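User: Please walk me through a few local features of this model. Keep it brisk.

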Amino acid sequence: EIVLFLATNGKKNISEIAEKFTQDRSVISRHLELLNRNGIVNKTKVNRYIIYEVNSIFIINKFEETTENLKRLI
């Protein structure tokens, strides 16, 4: 849901993201860190804020890789 939110709404900081979800901000923060460590989202520090955005290149590459793997299997 976080990835979908960022994909449709663009770059956001943790406060802007957390206000759209029912989970605590700390839970959202942990999810964002996990997504960042796995390359799904990028984070950039702008002044005192951390801005998160979807890493679209990574996601597209993973979809293409998955498609190619499925083609080989079928």
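Analyst: Asn47 counts as exposed because its relative accessibility is 69%, where exposed means over 50% relative accessible area, buried under 20% and partly exposed in between (1.4 Å probe, protein chains only). This is a predicted model: local features need pLDDT of at least 70, side-chain atom pairs count only at pLDDT 80 or more, and totals for chains, interfaces and linings use all residues. Residues are numbered from 1 along each chain as its sequence is written, and side-chain values use heavy atoms, with hydrogens and water left out.

User: In which loop is Asn47 found, and what is its phi?

Analyst: Asn47 is in the loop between β2 (41-46) and β3; strands are DSSP runs of E, at least two residues, and helices runs of H or I, at least four, numbered from the N terminus. Most residues other than glycine have a negative phi. Asn47 is not a glycine, yet its phi is positive, about 60°.

User: Is Asn55 buried or exposed?

Analyst: Asn55 sits in the loop between β3 (49-54) and α4 (56-73). Its relative accessibility is 17%, so Asn55 counts as buried.

User: Which backbone oxygen does the side chain of Asn55 reach?

Analyst: Leaving out residues up to four places away in sequence, Asn55 touches Gly39, Ile40, Val41 and Asn42; contact means heavy atoms within 4.5 Å. At 3.0 Å, its side chain reaches the backbone oxygen of Gly39.

User: Where is Leu70 found, and what is its relative accessibility?

Analyst: Leu70 lies in helix α4. Leu70 counts as partly exposed because its relative accessibility is 46%.

Terms used. A polar contact is a pair of N or O atoms within 3.5 Å; within protein, one must be able to donate a hydrogen and the other to accept it, and residues adjacent in sequence count only if both atoms are side-chain atoms.
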